Each structure stands twice: as C-alpha cells, then as structure tokens.
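Welcome! Please take a moment to look over the sequence and the 3D view before reading on.

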Amino acid sequence: MSLPVLAVNELAMSFGTLEVFRNVSFSVSRGETVGLFGKSGSGKTTIGKCIVGLERPTGGEIRVQGENILNMGKKEFRKLRPKIQMIFQHPETSLDPRMKAFENLIEPLKLHSGLKQEALLKRGEELAELTGLRPEHLARYPVQLSGGEIQRIVLARIMALSPDFIVADEPTSMLDVSVQAQILRLMQKLQRETGVSYLLISHDLEVLKKVCHRIAYLDNGTITSIENINRGVKI
Amino acid sequence: MSLLEIRDLSVEFPAGENTVKAVSHVFFNVREGETFGIIGESGSGKSVIGLALLRLLPANANISGAVLFHGQDLFSLRPSELRKIRGKCISLMPQNPAGALNPVLKNRLQIEEVFEERGIDKKEGMKKSLRLMKKLLLKDPEKLCDLYPHQLSGGMRQRLVACMSLSFEPELLIADEPTKGLDPEAKEGAVELFTKIKKEYGKTMLLITHDLDLALEVCDRIAVMYAGEIVELDKASKVLGTPLHPYTKGLVRAQPRNGLVPLSGQSPSRISLPEGCLFHERCRYSGIECFRKHPEMKNHKGGWIRCHFQSLQ
C-alpha cells in the first residue's frame with residue numbers, strides 16, 4: 001500500500017501555558033479530501049499552519065510522503081514546500097495588492113519553475129483557463145476583484161506549483177452561497193484532474209459532508225472521531 | 001401602511017470614462033412592523049440600497065428616484081434635517097461589526113459616544129443600554145463594557161453593535177450582512193437576536209443578506225437582486241420555498257443541502273450591461289426573447305417576477 005501523502009501523528013501545540021490541541025492524529029491519501037471540523041478557536045487553523053510550516057508544533061510529527069518535516073533542515077524543507085500549499089480564509093489579504101492579478105498568478109512560476117518569459121506567460125494563461133478566469137480579470141488589481149475571483153487566482157497560483165497537498169482553511173466562509181458552490185466544485189475538478197489531496201478546514205458541517213471523503217472532528221483540543229462519508233471511490 | 005417606500009431608485013458611480021450601474025430602477029415598500037429582506041450575491045447592489053437610504057454613499061454617486069419615509073422624501077431633506085432622522089428614526093447596523101467599532105476605545109466609551117452625540121445624559125443612556133444588552137442575550141454586560149472590541153467574539157461584537165443601533169429605539173433598523181463570516185453557532189445566535197428584536201420591539205427591519213437561512217427564518221417578504229435589479233419579490237416562504245425566477249432557483253440549489261450545484265458563469269459587467277435579460281447568459285431556460293428584450297417586473301400570483309417565462313415553473 002502506498003504511503004499517505006500526509007500523516008499527522010500525536011501533534012500537540014501550546015502557546016505558553018495555553019494548550020491549543022494535543023494528540024491530534026490523522027492521515028490523508030492521494031486524491032482524498034479530509035475535512036477538519038471544529039468550532040471557532042478550536043485550533044483548526046493552527047493545525048493547518050503547522051502542516052505548511054508556518055507554526056512549529058510543540059510535539060508530535062508531521063510526515064509528508066513518509067518523511068517527518070519537523071526534523072528537516074531549512075534547505076530540505078524549502079525544496080518540499082511548493083508541494084504543500086495553503087488557501088487562506090480571507091481572500092482580500094491573500095494577494096499582493098500592488099500587483100495585478102496576472103502578476104500575482106505567475107509569481108510562484110517566476111520563483112520556482114525556471115521557465116523563460118514566453119513559456120511563463122503561456123503557462124500563466126493555461127492556469128487562468130484551468131481555474132475559469134477571464135482575461136479581463138487578469139488585468140485588474142486584487143481590490144477590483146470579487147472574493148470568488150480572488151480565490152480562483154489563489155487556486156491558479158497554487159496549481160502553478162503542481163502541489164501534492166493543499167490545506168484549505170475556510171476557503172469559502174467569506175463567499176456567497178452561489179460562489180461557494182463554484183469554488184468547491186472547482187476544487188473537486190482540480191482534484192479529479194491532478195490527484196491533489198485536500199485538508200478542508202471548516203466550521204460548516206453541511207459543506208464538509210458534501211465534498212469530503214472523511215471528516216475529522218476536533219473538540220476540546222483533540223480529535224474525537226473520524227467519520228467516513230459515503231461519496232463513492234476516491235481517486 | 002408603508003413606513004418606507006423606494007420609488008425608481010437608481011445609483012451609478014463614475015469609473016473613469018464609464019459609469020458603473022450599481023442599482024437600476026428599484027421599487028419596493030416596507031410595511032410597518034415588517035421584516036423585509038434583500039438577498040443576492042456580492043456586488044448585486046444590496047448594500048448600496050441600504051447606504052443610499054441614509055444618504056451615506058460617496059459624493060460621486062449619481063442617485064435618482066425617491067425614498068419616502070413616512071411619506072417624506074429623504075433625498076430632498078437638508079443635511080441638518082437628515083441628521084435628526086439618522087440613528088433616531090432609521091438606524092444602520094453596518095456590515096462587519098469588527099470594522100464598525102473603534103479598536104483603541106473600550107466598549108463603554110463607544111456606547112456612551114452615541115448618547116453624547118445626541119446631547120443626552122451619558123449615565124441615563126448607559127443604564128438604558130445595559131438593560132438592552134441584557135435583553136439582547138449578552139451575559140454580564142457591565143464586564144463587557146470594560147473590554148476592548150478585539151476581546152469579544154464575532155457574535156458578541158454583533159450584539160454590541162445591535163444594542164448601539166437600537167439605543168434610540170429607531171422605527172426602522174437596516175442590518176447589512178449581519179452573519180457574514182460568523183461561525184454556525186454565532187449564526188444561530190443572530191437568528192435568535194433578530195427574532196427577538198422583531199418580536200419584543202416590533203421593529204420594522206430591512207435585512208440585507210446573502211444568508212438564505214437567516215432570510216427565511218426572519219423575513220416576512222424578500223426581494224431577490226441580480227446585477228442591480230430586483231428579479232423576484234414575494235413572501236419569504238414562497239421565494240425560498242418555491243422560487244420562480246431561474247436565478248433564485250440557482251441560489252437555492254447552490255446551498256450545500258440542496259446539492260451544492262453552482263450557477264454557471266458570472267454576473268455581467270455593470271459598465272456594459274448585456275442586451276435583453278441580464279441573467280440570460282447564465283440561465284438554463286433562456287430563449288430568443290431573453291436575448292432581445294429586457295423583461296419588466298410582472299405581477300405573478302401575488303408576487304413580482306422579472307422573467308419572460310414566468311409560467312415555466
């Protein structure tokens with residue numbers, strides 16, 4: 001059996017004397033969406049940040065393709081980092097406000113792909129098409145875009161690096177009901193096409209039940225149960 | 001009797017050489033004691049209506065039409081006359097309670113400011129506010145007054161702003177997106193809060209929201225907005241239970257429990273609006289007439305609908 005894309009074992013986190021969570025364990029396979037459900041302030045976002053290396057947990061391990069990222073050196077982790085990405089809750093602060101949408105979109109390619117200008121622009125256009133962005137969106141500044149359009153650009157930016165795993169932290173909680181459905185369906189389409197895995201963090205159980213293969217329930221600082229959702233076979 | 005009557009309200013904003021048509025020819029009335037909801041996606045012009053009523057839009061907005069409050073046109077009032085109405089007769093609960101409060105002032109000072117502005121004794125005002133806070137489901141209001149806004153949860157901040165908006169027992173309360181970004185528990189709390197305001201105070205409310213559950217629970221009648229126009233208007237249970245307009249149907253179907261079916265495409269540009277029906281590019285039922293002719297609002301079984309195929313349902 002192949003290794004899970006992500007395995008979190010007995011993760012613990014405290015800020016000073018305040019314990020946020022302890023004994024948090026779950027795994028995510030290739031092409032799978034695992035939901036992480038909990039109330040506001042339960043530590044969901046902190047778990048997500050630990051996985052992408054934005055916070056350092058106080059205990060436990062996070063294994064990506066079998067390797068514990070907490071034992072990695074900076075250089076080694078930096079190499080792996082494009083493969084694990086995060087979508088943040090607030091679309092309005094996710095992009096550089098001084099760059100136009102297209103510049104924001106191709107920034108990761110400039111840094112990581114080594115593509116020449118022409119190829120870079122072509123790849124940027126492909127990504128825009130993949131995520132349903134229209135040319136007129138790409139010429140605008142983030143402030144001129146709606147929340148849904150920004151989340152599409154965020155997804156295009158992330159897909160530029162062909163990630164194995166995405167932590168999506170409440171990606172639709174600030175969006176309208178119709179736009180929420182569009183973004184979640186887009187995420188499912190990208191999963192079918194690329195086999196990417198998601199950890200979908202949300203406080204909306206209805207949404208999680210609709211799009212996840214499994215849901216982990218976070219309560220009182222620990223995972224109390226993991227539920228299988230019958231949605232057919234995962235990729 | 002209508003407390004508020006909106007007649008042919010249009011709002012446009014200049015954008016370089018172009019004009020953004022934010023709200024086009026909106027008609028509706030809000031009866032005394034009624035909770036009237038405006039729903040629709042972001043950018044459909046809902047909040048612009050709320051701000052236009054109190055003349056809080058930026059100076060470059062071109063506004064036409066009339067807003068009658070007790071039969072008096074708010075657009076023809078002098079600023080000094082309008083100040084007597086704002087906050088006292090019509091109060092606005094702004095979108096994003098966190099942004100509505102001053103982060104460097106303790107909550108008590110912010111509540112007192114409301115009374116200070118009106119020249120009312122602060123102590124008397126505070127007593128009244130504390131009573132109101134207790135009624136509006138806030139525990140230990142005295143302690144809460146000594147905290148800063150960032151020390152409150154999203155739901156508590158919303159209640160605090162609600163208390164401030166109700167300080168002068170306004171006749172009409174406008175609540176703009178009161179549940180945006182709140183978690184499900186706080187959302188349930190918001191439903192409870194608005195039901196209480198409605199029942200105990202008998203307030204007339206204009207609720208602007210994209211939260212269909214809140215609208216169904218609290219509103220008596222609902223207007224659905226798309227691209228700056230009202231496309232459907234009827235009793236809340238009818239609009240959200242058996243929607244007629246294809247756009248309303250799409251909104252209901254996009255809810256997770258109804259299948260999470262996304263509406264295809266995006267709202268049209270408001271600078272160059274398409275010909276014909278504004279929704280035809282995204283509509284599953286559109287026919288030739290929809291491309292050619294802009295539909296007018298028509299009376300349909302007691303409600304109003306803007307669709308060429310009002311009977312296709």
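Predicted model: local features only at pLDDT ≥ 70, side-chain atom pairs only at ≥ 80, totals over all residues.

Residues are numbered from 1 along each chain as its sequence is written, while chains are lettered from A and ligands numbered from 1 in the order in which they are written.

**Where the chains touch**

- Contact joins 19 residues of chain A to 19 residues of chain B; two residues are in contact if their C-beta atoms, placed from the backbone, lie within 7 Å.
- On the side of chain A that touches chain B, the elements giving two or more residues are α7 (177–194) and α8 (205–211) of chain A. Helices are DSSP runs of H or I with at least four residues, strands are runs of E with at least two, and both are numbered from the N terminus.
- The largest share of this side, seven residues, comes from α7(A).
- By type, the residues on this side of chain A are six nonpolar, seven polar and six charged. Here Ala, Val, Leu, Ile, Met, Phe, Trp, Tyr, Cys and Pro count as nonpolar, Asp, Glu, Lys and Arg as charged, and the others, Gly among them, as polar.

- Helix α11 (residues 246–253) of chain B is largely enclosed by the rest of the structure, because seven of its eight residues are buried. A residue is buried if 20 or more other C-beta atoms lie within 10 Å of its own, exposed if 12 or fewer, and partly exposed in between, with C-beta atoms placed from the backbone.
- Among the buried residues of α11(B) are B:Tyr247, B:Leu251 and B:Val252.
- The buried residues of α11(B) pack against α7 of chain A, and also against α9 (212–218), β9 (221–226), β10 (229–235) and α10 (236–241) of chain B.
- Helix α1 (residues 46–53) of chain B is mostly covered, with six of its eight residues buried; these include B:Val48, B:Ile49 and B:Leu53.

**Positive phi angles**

- Most residues other than glycine have a negative phi.
- A:Asn23 is not a glycine, yet has a positive phi of about 55 degrees. A:Asn23 is found in strand β2 (residues 18–28) of chain A and counts as partly exposed, with 13 C-beta neighbours inside 10 Å.
- B:Glu177 has a positive phi near 45 degrees. B:Glu177 sits in the loop between β7 (172–176) and α8 (184–201) of chain B, and is buried, with 20 other C-beta atoms within 10 Å.
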